[in-house]
Amino acid sequence: MSGRVVIGLLAAAAAALALGLAADNYVLRLATTVGMYAALTWSWNLIGGYAGYPSFATAAFFGLGAYAAGVLQTSGLPFGLAWPLAGLTVAVFAGLLGGAILHLRGHYFAIASLVVADVLREVTNVWTGVTGGGMGLSLPLLSLGGVNGQARFYFTAMLMMAALGLGISWLVERSRLGVALRCIEQNEDAAQVIGVDTRACKVAVFMLSGMLAGATGAVYASWVTYIDPTDVYDVLLSVKPIVMALIGGVGTLMGPLVGAVVFLGLEELFWRNVLEFHAGLLGLLVVALVLFLPGGLRDMGRYGLLRRLGRFLPWSRKIL
Amino acid sequence: MKPLLRLDGVTHRFGGVVALDRIAFALGEGEIVGLIGPNGAGKTTLVNVITGVHRLSAGHVYFNDERIDGLKPDRIARRGIARTFQIVQPFPRMTVAENVAAAALFAGHAGSIPEANRAALEHLEFCGLLSQAAKPASSLTLAGRKRLELAKSLALKPKLLFLDEVNAGLNHSEMDHALELIRAIAARGVTIVLIEHLMKVVMKASTRVVVLHHGQLIADGHPAQVIADPHVIEAYLGRSYAAEHFAGEPA
Amino acid sequence: MLYLQVLLNGLALGGLYACIAAGFSLVWGVLNVINIMHGSLIVLGAYLAFFAHQVFGINPFLFAPVAGLVLFAIAYPLQKLVINPVMGRPVLITLTLTFGLNLFLDNLMLKFFQADFRKITFDPPLGVFNLGGLLVPVDRVMATATGLALVGALWLLLRNTQLGRAIIAVRMDSQAAALMGIDVTRTYALAFALGAFMAGAAGALLSGIFPISPVTSSVYLGKAFVICVLGGLGSIPGVLVGGFALGIIESFGTLVLGPELALTLAFLLLIALLMFRPSGLLGRRGFQ
């Protein structure tokens, strides 16, 4: 790992530690959300950034993980088992889904992945016996020593998810799979010709992405203790990670973290004050981002702004 | 001697057109075969079918006596068949070295990423691209890209190599370089099939020539024989020319 | 008899559905942009018709072309300024852009119109046609007929006018079209604006039948997707086939699974089609 990445990670770890120990519950909640979205963005980055397949399936994975964990826990399973099992369930689902749609390219793949969340949401709505349907599902409250204990616990849990996301991404980048994905992203036909089993690679990374998003959904479900289909299958859960990746740099290692921090920071600073229309402003932000900074924050160098910031952040990565 | 590659009744139809019509021939190890024919004869289609890019409509393809028709391109590459593309297909945002190393890593069966990197440098040196190793693949000239294609194909450690119009767009001296490389590759034990428009290259380099026309195999033999074959001449130059110049011989 | 009625229910919406999808298919086929805003544009057209009816008493089915024109006027500069810069960029970029635009428009409409559903009530009510025991509401017939007329007009425009031919040329090969002297950028903008026209008109037609609210925009977008994949992309006949097909599928789906799942069924069919036959029932190759 390059020196800059190590420094960045140490700084992030120190900040996390400080937060966990010193911060009040409001700040902790914010930090937990950052951790959650960082994990989701790392999840998206695997299939969308490394493999170059514009996936809108993040919401589907997240929601499925939330419900899987919810259903398991209401059947009596402790969270320590429910969370990994939920992740595994979503990984299997992602494998099956991937087998069905990863041969599609571009728009067709994007649409198919987008539509999956809708289908899952409706199925969840209707399967009232198991999921509580439109009335939602209540999860057992974990006894963790009061409100402060809860806040710290879930902050740590989401931090683990984020760390998992970073860890998986780091391993993938350095592995043969990572090289294969870069080849697929740049020229899928040529990748086949040099011996890459493109189908297997794509499905594998899709499963990793699903597992990560699903596990994050599972933690989320316990965190909020009440989930309903519209909430956990919300399309914004697919769109926000993409925007965060765009901000931080698609296909980079630390991009997801940078993007999540910047995006959620902005959201917190400006839009809580403009509560009514903040989703609309988000839309404008996205438009501005795509038009002016399509390569993410490092594009700010183009406009002479924050050139030094751009150099500090670890954008490039060697693939071999 | 057991043939390296054997085609048996290979037919490829698409959209009502018969692109390949019951092609049958066999290649032995160590041959350098020229595959020629007028435009649209089906030469690239044949290579695509052999390497798994297109599916056969009928017939079989055997490589080392094992059937390979129906396998996907990556499997076929791993078995030792490589090909270059007429329209060169690099990984544009990777460096020249990374392009070759990727090939070495997968079908080239390199044990590890560092090993693939080492192999890449060797192949680049062989093809005369070592000086450009760190440049992005998209910055190469056409001649450079053709050599990159070649280096990538070599990194796959092929037993059989299809060179599809490697000389298109090259000038005389570049072409001579290319020919030297081809001979050097053959000397390493790789069986080569040259798809070529340029007769000069075919005559100089091949030990045997196979001719396709309208998807059919119309001639197969020693270069000098083949170019004198009236069927071949007719295919390239038309019936009237052939009739004019070969009056009295069976058409 | 029941099945005939269900079939008729589906057919009665076919023309309207074709109108919903025509603009979307045009933009996707010609600009290779999936316009996520499409659903919201439809809803905007619906509101325009709603207010035209409230304030001036104008029949929404007649108002449809006017709604279309308003949206045309909005969409043309929108494309030139905002969407043009990303033409030819990867799917991720264009899709995210239209997502952002959609988010903005949707929330703008929520702010001004509120989320509550509004419905046009005809006074006197339009009633129902009785075809030998089979019932078809008049409003649906009018919507479908007008929808078909508009789609037909679009088809004529594409085939017989210079603009139409320019659009088709650009769709087939934008570089060749440019070489032939076609102003590709202007053609893109016009095609996009035409798409918005169709969306606005479709919205006006919808307002005559269904309750409207900004929250339904994604439903119409979803229907447009399904219709395009069902019928095959970038062709008017495809949109017609897809529109009627979706109408029938939804109708039978409602019978078997209930109204909430009817669209889900369509989505499942969409995924199945994408898996096995992405070029749709008519088999024309779409853009990747």
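Student: Leaving aside neighbours within four places in sequence, which residues is A:Pro294 in contact with?
Tutor: Those residues are A:Asp299 and C:Ile93, where contact means that the C-beta atoms, placed from the backbone, lie within 7 Å. This is a predicted model, in which local features need pLDDT of at least 70 and side-chain atom pairs count only at pLDDT 80 or more, while totals for chains, interfaces and linings use all residues. Residues are numbered from 1 along each chain as its sequence is written, and chains are lettered from A and ligands numbered from 1 in the order in which they are written.
Student: Where is A:Pro294 placed in chain A?
Tutor: A:Pro294 is in the loop between helix 14 (278-292) and helix 15 (307-312) of chain A, helices being DSSP runs of H or I with at least four residues, numbered from the N terminus.
Student: And how far in space is A:Pro294 from A:Ile247?
Tutor: The C-alpha atoms of A:Pro294 and A:Ile247 are 7.9 Å apart, although 47 residues separate them in sequence.
Student: Changing topic, how many residues do chains A and B put into their contact?
Tutor: Chain A gives 16 residues and chain B gives 22 residues. On the side of chain A, the elements that give two or more residues are helix 8 (176-186) and helix 9 (188-193).
Student: What about chain B, how many helices and strands are there?
Tutor: Chain B has ten helices and ten strands, a strand being a DSSP run of E with at least two residues. Its C-alpha atoms fill a box of roughly 65 × 40 × 40 Å along the principal axes.

Conventions
Two residues are in contact if their C-beta atoms, placed from the backbone, lie within 7 Å.
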